[in-house]
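This briefing is for a reader who has not seen the structure before. Please look over the sequence and the model first.

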Amino acid sequence: HVVVSSMVEDREGSLWVGTVEDGIRRRRQGRWEAYRTSHGLSDETVQALMEDREGNIWIGTLSGGVNRLAGGKFTTFGKEEGLSDNRVQSVLEDRQGILWIGTWDGGLNRLTGGSVAVYNTKNGLPANSVTSILEDQENVLWVGGFKGLSRLKDGRLTRYGAKKGFPTDELLSILRDRQGSLWIASMDSGLYKFSGGRVTAYRKKDGL
């Protein structure tokens, strides 16, 4: 009866599973291990999981900020450490080793060297809720949220909206395939493919 909210496979082949109200499970060598608040996790509901280049596991939680699990020890980063919101929905480490954190109502946070910079509606985000973050092959960030898609390049945000064929409702996830195309999953308007400057929508009439 455990509700699974997120998953990631680490470099050793272990499977990390985030749950709703039941912490984290790790499946390693055929056995399950549990990590709860009693082990140092800041919140029992996990919304995002990611492994960084050093092998640390980052855990975005419902109300306890983001946790780093390194060497069996949890370290928490929340509003007291400078995050704009303790409700974390997405986490990404870019190629430069910078951590990007998408929050429920505090926009996009950039964590580097212990300092936090925030991108929100004042900087050009269409909404302060960030559900998904992706880095493409050109080191550009794509940011999905409650009001569609934005592109972050050289510190500047550009919104991609209906005029260019992009979804404007809540985005759930973004994926880049091996050919470099972006796939964008929305809450209400289906699936979108962005390739070669062209947007193609897939809806129920197309077989979804």
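The model is predicted. Its largest pocket has a volume of about 360 Å³, and the second largest pocket has a volume of about 280 Å³.

**Largest pocket**

- The lining of the largest pocket consists of 14 residues.
- Nearest the centre of this pocket lie S90, V91, T131, S132 and I133.
- Three strands, β9 (88-93), β13 (130-135) and β17 (171-176), each contribute at least two residues to the lining.
- Of the elements in the lining, β9 gives the most, with five residues.
- By class, the lining of the largest pocket has seven nonpolar, five polar and two charged residues.

**Second largest pocket**

- The second largest pocket is lined by 16 residues.
- D94, Q96, W100, N139 and D154 are the lining residues that lie nearest its centre.
- Seven charged residues take part in this lining, together with six nonpolar and three polar ones.

**Nonpolar surface patch**

- A nonpolar patch on the surface is formed by V2, V4, M7, L15 and W32.
- Together, these residues have about 480 Å² of accessible area.
- One of them, L15, lies in strand β2, which covers residues 15-19.

Conventions. Residues numbered from 1 in each chain as written. Predicted model: local features only at pLDDT ≥ 70, side-chain atom pairs only at ≥ 80, totals over all residues. Heavy atoms only, no water. Patch = residues over 30% accessible without salt bridge, like charges linked within 9 Å, V, L, I, M, F, W, Y side chains within 5 Å. Areas by Shrake-Rupley, 256 points an atom, 1.4 Å probe, with all protein chains shown as cover. Salt bridge = Lys/Arg side-chain N within 4 Å of Asp/Glu carboxyl O. Helix = DSSP H or I, 4+ residues; strand = E, 2+ residues; numbered from the N terminus. 1 Å grid on protein atoms, 1.4 Å probe; cavity = no way out; pocket = protein on both sides within 12 Å on 5 of 7 lines; lining within 4 Å. Points joined across faces, edges and corners; volume = space filled by probe spheres on them. Nonpolar A, V, L, I, M, F, W, Y, C, P; charged D, E, K, R; others polar.
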